[in-house]
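Welcome! Look at the structure, try each task, then follow the solution.

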Amino acid sequence: MRFDVVTLFPDFVRQCAAVGVVGRAQQRELLQVETWNPRDYATDNYRTVDGRTCGGGPGMVMLIDPLRAALKAMREAAAEPVHVIYLSPQGARLTQGRVEALAKLPRIGLLCGRYEGVDERLLAHEVDEELSIGDYVLSGGELGAAVIIDAVGRLQEGALNDAQSAQQDSFSDGLLDCPHYAKPVRHALGDVPEVLLSGDHAAIRRWRLKQALGRTWLRRPDLLVQRALDKESRALLEEFRREYAQSERERLANDAAEQ
Ligand code: 4HQ
């Protein structure tokens, strides 16, 4: 798959996509990241890409024409149609579900705004989808583009090795991830849970699922509301809750005893 990023900061986006799993996917030619700088498509002597907002007030807006020319060049360099995404807080929140759907597309264009954003008329004519990476304000769309390249890029066939398998990820089944441990088994900071050393793969799978369910219930109950649990998961979560309630009672009793 190929990403085409329209940005005033091409080096920044390229560097974000050059490291780790996604960087390796590019080296293996599973993934291509190209950049298009609207400044290269400005036509005046100053290579102007922004203008004052109509209606007054502070801040600048990215001009239609340099962006349109950059997008035109980008589309003309593509054999397939390009699905163009604009990054902004006004977009739909990016989810793993959306990431998985995007991973199936052959080409994605990522339009990065700076300043107050992009002239609305360009968005209406050139953009297929508006996405937000979260409810906070960034100084530009580049980090959002890098997030999409990373989350989508790592799902390309061959990008992850078995140990990193996307199947086991947090969110791949709509739950938070279970805790992870490595050696040493005994440590001043605590011991590795016994079941993980048992070699009983069925028991380990159940423990991990139970922890994933329990943490999701504790930290992100909203994720459980959206998701129907099967019989095993309901039973494991019930166990987790019982044990959690018991440990809370013990903790409170201890705290009271120490007072
Ligand atoms: N911005 N998710 C404003 C974001 C953002 C977000 C990008 C700031 C666009 C004009 N992008 N510019 N949140 O805050 O994607």
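Helices (H or I, at least four residues) and strands (E, at least two) are DSSP runs, numbered from the N terminus. This is a predicted model, in which local features need pLDDT of at least 70, side-chain atom pairs count only at pLDDT 80 or more, and totals for chains, interfaces and linings use all residues. Residues are numbered from 1 along each chain as its sequence is written, and side-chain values use heavy atoms, leaving out hydrogens and water.

**Exercise 1.** Find which strands each supply at least two residues of the shell around the ligand.

**Exercise 2.** Find the polar backbone atoms close to a nitrogen atom of the ligand (a polar contact is a pair of N or O atoms within 3.5 Å).

*Solution.* Step 1: at Ile133, a backbone N or O atom lies 3.0 Å from a ligand nitrogen. Step 2: for Gly134 the distance is 3.1 Å. Step 3: for Tyr136 it is 3.0 Å.

**Exercise 3.** Describe how helices H7 and H9 cross.

*Solution.* Step 1: recall that two packed helices are described by the angle between their axes and the distance between the axes. Step 2: the axes of H7 (residues 201–219) and H9 (residues 231–258), lines fitted to C-alpha atoms over the stretch in contact, come within 9 Å and cross at roughly 65 degrees, with angles running from 0 to 180 degrees between N-to-C directions. Step 3: H7 and H9 are therefore roughly perpendicular (65 to 115 degrees) to each other.

Definitions and conventions:
A polar contact is a pair of N or O atoms within 3.5 Å; within protein, one must be able to donate a hydrogen and the other to accept it, and residues adjacent in sequence count only if both atoms are side-chain atoms. Angles under 35 degrees count as roughly parallel, over 145 as roughly antiparallel, 65 to 115 as roughly perpendicular and the rest as oblique.
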